[in-house]
Amino acid sequence: MPQSSPSRYEAQKRRDWNTFGQYLRNHRPPLSLAQCSGAHVLEFLRYLDQFGKTKVHGPACPFFGHPNPPAPCPCPLRQAWGSLDALVGRLRAAYEENGGRPESNPFAARAVRLYLCEVREHQARARGVSYEKKKRRKPQQLPGPGDSSGLHGHAHQPPPPPPAGAAC
């Protein structure tokens, strides 16, 4: 039976894994996967910034906070938050598929999640955009007998907490 070609996601995951493996081999001193920590993942993500295509304005830049600046500026190009977030997700999966134990996955380290949150917040401020999720409206329910849930039949309760391990 002929082998079907991998999906785009699987092909990208393999390329990302090979790139990370190359990074570990070129590291001084070279690192094995077992020696790799969240700190090494952060080092890798910062290394990738030099190949980024997203202009990230600094606080001193006159275009800081402007999503569409009217003129060029000397601010650096960086990896976009969404690209880093997707990359970490693919590498997190690839780590376990290549024999790594989930509890020692350096791509799942708290420091990596915090770094991604910081990058997201900084890039949002620099571009003057918000990454806030849009709130979905709940379908309106009619109050039942004896229901005193408040004005117009809506109970006002705080949203549930984010799931454990949520990025931000």
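Trainee: Which residues of α2 meet which residues of α3?

Mentor: From α2, it's Phe44, Leu45 and Leu48. They meet Leu84, Leu87, Val88 and Leu91 in α3. By class, that contact has seven nonpolar, no polar and no charged residues.

Trainee: Slow down. What counts as a contact, and how are residues put into classes?

Mentor: Contact means heavy atoms within 4.5 Å. Ala, Val, Leu, Ile, Met, Phe, Trp, Tyr, Cys and Pro are nonpolar. Asp, Glu, Lys and Arg are charged, and the others, Gly among them, are polar.

Trainee: Where does this model come from?

Mentor: It is predicted, so local features need pLDDT of at least 70 and side-chain atom pairs count only at pLDDT 80 or more, while totals for chains, interfaces and linings use all residues. Residues are numbered from 1 along each chain as its sequence is written, and side-chain values use heavy atoms, with hydrogens and water left out.

Trainee: Back to the helices. At what angle do α2 and α3 pack?

Mentor: About 140 degrees, with their axes 12 Å apart. The axes are lines fitted to C-alpha atoms, for helices over the stretch in contact, and angles run from 0 to 180 degrees between N-to-C directions.

Trainee: What do we call that arrangement?

Mentor: α2 and α3 are oblique to each other. Under 35 degrees is roughly parallel, over 145 roughly antiparallel, 65 to 115 roughly perpendicular, and the rest oblique.

Trainee: Is their crossing left-handed or right-handed?

Mentor: Right-handed. That term is for a near helix turned clockwise from the far one by less than a right angle, and left-handed is for anticlockwise.

Trainee: Zoom out. How many helices and strands does the protein have?

Mentor: Four helices and two strands. Along the sequence the pattern is α-α-β-β-α-α. Both kinds are DSSP runs numbered from the N terminus: helices are H or I with at least four residues, strands are E with at least two.

Trainee: How do α3 and α4 pack?

Mentor: α3 covers residues 81-97 and α4 covers residues 110-127. Their angle is about 160 degrees, and their axes are 9 Å apart. That makes α3 roughly antiparallel to α4. Their crossing is left-handed.

Trainee: Which residues make that contact?

Mentor: On α3, Trp81, Leu84, Asp85 and Val88. On α4, Val112, Tyr115, Leu116, Val119, Arg120 and Gln123. These divide into seven nonpolar, one polar and two charged.

Trainee: And α1 with α3? What is the angle there?

Mentor: About 80 degrees, with axes 9 Å apart. That makes α1 roughly perpendicular to α3. The residues from α1 are Tyr9, Glu10, Gln12, Lys13, Asp16, Trp17 and Phe20. In α3 they meet Leu87, Gly89, Arg90, Leu91, Ala93, Ala94, Tyr95 and Glu97. By class, this contact has eight nonpolar, two polar and five charged residues.

Trainee: Asp16 is in that list. Is Asp16 buried or exposed?

Mentor: Asp16 counts as buried because its relative accessibility is 8%. Buried means under 20% relative accessible area, exposed means over 50%, and partly exposed is in between, with a 1.4 Å probe and protein chains only. Asp16 sits in α1, residues 8-26. Leaving out residues up to four places away in sequence, Asp16 touches Leu87, Arg90 and Leu91.

Trainee: Which residues of α2 are buried?

Mentor: Gly38, His40, Val41, Leu42, Phe44, Leu45 and Leu48, in a helix running over residues 38-48. The buried residues of α2 pack against α1, α3 and α4. A handy rule: an α-helix has 3.6 residues a turn, so residues three or four places apart point the same way.

Trainee: What about Arg110, buried or exposed?

Mentor: Exposed, because Arg110 has 58% relative accessibility. Arg110 is in α4. Its C-alpha is 7.8 Å from that of Gly38, 72 residues apart along the chain.

Trainee: New topic. Which peptide bond is cis?

Mentor: The one from Arg28 to Pro29, with omega near -5 degrees. Pro29 lies in the loop between α1 and α2.

Trainee: Last one. What share of the residues is buried?

Mentor: 29% of the 168 residues. Among contacts between residues at least 6 apart in sequence, 60% join residues at least 24 apart.
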